[in-house]
Amino acid sequence: MGQVSLAASAGLSTKEIEGLTMVARGAAISLGRNLPDAMDRIFRGAIKLEPEILDEIGLFVRVDEASEKYARQLGKTSSSLTQVEKRQAFLNEILVQGTNKFQEYAEAIKPDPYVRLGAALA
């Protein structure tokens, strides 16, 4: 809940929070990490624009590359993007890369509140 509160206070929408949570879940399963750790890294990386934190979880998002891609979509130059737009570009790229990389894992194991993750994988 702490990560969700932090994300909401940073202005992320419910859909964006759900997307980051799915990415974190898939990353946790595929990398053998615990979910709170994966969520912490992905949410902090997204909110603080810290690619180094995302690198540790297997997402290689660069602010300048994400900004250039987003600027093209908006018909702008990357240098004309506002800080809010650069933040949105970074978040969008995390969601794209994370979904491409981890969605299969996130959907492979359905959550069961009565079974521990380790037991579900066995």
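The following exercises, each with a worked solution, concern the predicted model shown above.

Residues are numbered from 1 along each chain as its sequence is written. Because the model is predicted, local features need pLDDT of at least 70 and side-chain atom pairs count only at pLDDT 80 or more, while totals for chains, interfaces and linings use all residues, and side-chain values use heavy atoms, with hydrogens and water left out.

**Exercise 1. The chain as a whole**

State how many helices and strands the chain has, and what share of its residues is buried.

Solution. 
Step 1. Helices (H or I, at least four residues) and strands (E, at least two) are DSSP runs, numbered from the N terminus. The chain has seven helices and zero strands, and the order of elements from the N terminus is α-α-α-α-α-α-α.
Step 2. A residue is buried under 20% relative accessible area, exposed over 50% and partly exposed in between, with a 1.4 Å probe and protein chains only. Of the 122 residues, 38% count as buried.
Step 3. A contact means heavy atoms within 4.5 Å. Among contacts in the chain with a separation of 6 or more, 58% join residues 24 or more positions apart.

**Exercise 2. The packing of α1 and α3**

Determine how helices α1 and α3 are oriented to each other, and which residues meet.

Solution. 
Step 1. Axes are lines fitted to C-alpha atoms, for helices over the stretch in contact, and angles run from 0 to 180 degrees between N-to-C directions. Helix α1 (residues 2-9) and α3 pack at an angle of about 10°, and their axes are 10 Å apart.
Step 2. Angles under 35 degrees count as roughly parallel, over 145 as roughly antiparallel, 65 to 115 as roughly perpendicular and the rest as oblique. Therefore α1 is roughly parallel to α3.
Step 3. From α1, the residues Gln3, Leu6 and Ala7 meet Met39, Asp40, Phe43, Arg44 and Ile47 of α3.
Step 4. Ala, Val, Leu, Ile, Met, Phe, Trp, Tyr, Cys and Pro count as nonpolar, Asp, Glu, Lys and Arg as charged, and the others, Gly among them, as polar. By class, this contact has five nonpolar, one polar and two charged residues.

**Exercise 3. The second largest pocket**

Describe the volume and the lining of the second largest pocket.

Solution. 
Step 1. Rolling a probe the size of a water molecule over the atoms shows where empty space is left. On a 1 Å grid over the protein atoms alone, a cavity is a set of points where a 1.4 Å probe fits but cannot get out, whereas a pocket is an open set with protein on both sides within 12 Å along at least five of seven lines; lining residues have an atom within 4 Å of a point.
Step 2. Grid points are joined across faces, edges and corners, and a volume is the space filled by probe spheres set on the points. The second largest pocket holds about 150 Å³ of space.
Step 3. Its lining consists of Ala10, Gly11, Leu12, Glu16, Ala46, Ile47, Val84, Arg87, Gln88 and Leu91. The elements giving two or more residues to this lining are α3 (35-48) and α6 (83-108).
Step 4. Helix α6 gives the most, with four residues. By class, the lining has six nonpolar, two polar and two charged residues.

**Exercise 4. Glutamate 56 and arginine 41**

Locate glutamate 56 and arginine 41, and classify each as buried, partly exposed or exposed.

Solution. 
Step 1. Glutamate 56 is in the loop between α4 (51-55) and α5, whereas arginine 41 lies in helix α3.
Step 2. Glutamate 56 counts as partly exposed because its relative accessibility is 44%. Arginine 41 has a relative accessible area of 17% and is therefore buried.
Step 3. Leaving aside residues up to four places away in sequence, glutamate 56 touches Arg33 and Arg41. With neighbours within four places likewise set aside, arginine 41 is in contact with Arg33, Ile53, Leu54, Glu56 and Ile57.
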